[in-house]
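Here are a few points to check as you look through the model. Please read them with the structure open beside you.

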Amino acid sequence: MLVVAPTVNRLGAFTLPFLTVVLVSDFETPVATAGLIVALFGAATIPSRIIGGYLTDKLGLRNTIVLGLSLTAAFQLALAAAANPATAAAAAVLIGLAFEIYKPPSHALVADVVEGDRDRATAYALYSAALAGAGVLAGVLAATVGGIDLRLLFVVDAVTGLACAVLVLTGLRARASVAPNALPVDEGRAERSPWRDPCCTECCSPGPASRSCTSNSTSPCP
C-alpha cells in the first residue's frame, strides 16, 4: 500500500508543465503575468511542507496525507473550472500551498512502518522507483488527455489524487501522532529546535533554490 497509493497519485502528476500554457492559451494571460503566477505557485510550495509537518503532529500521518491530497484535488478542480484569470491564479497559488502537505507524513510513514535501517533503505528505493515508473506512464497519459483539452489534465490529476487518498484512508490504519514533547530525549543533550540545528539548516537550505530552478525549467517546457 505504501507503494501503490503514491504510484496512483503520481500517474496524474503532470499538470505543472502545462500550467503556463493553460494560463496563456485558455485565459489569454500575458506571458509575463503567467510566469509570475507560476512563480507564486512555486513560492507557495515552500511553506507547504512545513504545514504538512505541523499537521502531522496534530492530525496524525494518515489523516494529513488524506487532507493534503483532498485539498490539492479540490483546488485543481477549481482551476479546471475557473472562468477568469484571477480565479485561475488564486487556484494555482492554493494548489501550491496544498501541493506538498502529503509528503512529510508519507516519508515518515515509510520510516514508521518499516523496521531496520537496511529494510528502510530498500523501502525508500522501491518507493522512488515506483514514482519514477509512474512518471513515465504519466507522460503518456498527459499526451493523450492533453490532445483533447488541457484543462482535463487538472481533472485527471485531481481524480488520481483522490484515488490515492481513498487507498490511504481504507488501506492504512490510523496511527496516533506523537507530540514532540512525548518523544524520548537523550538526557545528555540539551533539547534544541530544528531551526537552530546547523546540520538541519545546511541540508535543507539548498531546497528552495533547487525547487525554484526545477520549477522554472520544467514549467515553460511545452
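1. In this predicted model, the buried residues of helix α3 are A34, I37, V38, F41, G42, A44, T45, S48, G52, L55 and T56. One of them, G52, comes up again in point 4.

2. Helix α3 covers residues 31-59, which is 29 residues. From its first C-alpha to its last it reaches 40 Å, close to the 42 Å expected at 1.5 Å a residue. Look along α3 for a kink of about 30° at I46, shortly before the proline P47.

3. What follows α3? The residue is G60, and its phi is positive, near 95°.

4. P104 is placed in helix α6, residues 103-113. Setting aside neighbours within four places in sequence, P104 is in contact with R49, G52 and G53.

5. Two packed helices are described by the angle between their axes and the distance between the axes. Helix α7 (residues 117-146) and helix α8 (residues 151-171) pack at about 135°, and their axes are 8 Å apart. The two helices are therefore oblique to each other. The crossing of α7 past α8 is right-handed.

6. Which residues meet where α7 and α8 pack? From α7 they are L141, A142, V145 and G146, and from α8 they are L152, L153 and V156.

How values were computed:
Residues are numbered from 1 along each chain as its sequence is written. This is a predicted model: local features need pLDDT of at least 70, side-chain atom pairs count only at pLDDT 80 or more; totals for chains, interfaces and linings use all residues. Side-chain values use heavy atoms; hydrogens and water are left out. Helices (H or I, at least four residues) and strands (E, at least two) are DSSP runs, numbered from the N terminus. The expected span of a helix is 1.5 Å times one less than its number of residues. The bend at a residue is the angle between axes fitted to the seven residues ending there and the seven starting there. Buried means under 20% relative accessible area, exposed over 50%, partly exposed in between (1.4 Å probe, protein chains only). Axes are lines fitted to C-alpha atoms, for helices over the stretch in contact, and angles run from 0 to 180 degrees between N-to-C directions. Angles under 35 degrees count as roughly parallel, over 145 as roughly antiparallel, 65 to 115 as roughly perpendicular and the rest as oblique. A crossing is left-handed if the near helix is turned anticlockwise from the far one by less than a right angle, and right-handed if clockwise. Contact means heavy atoms within 4.5 Å.
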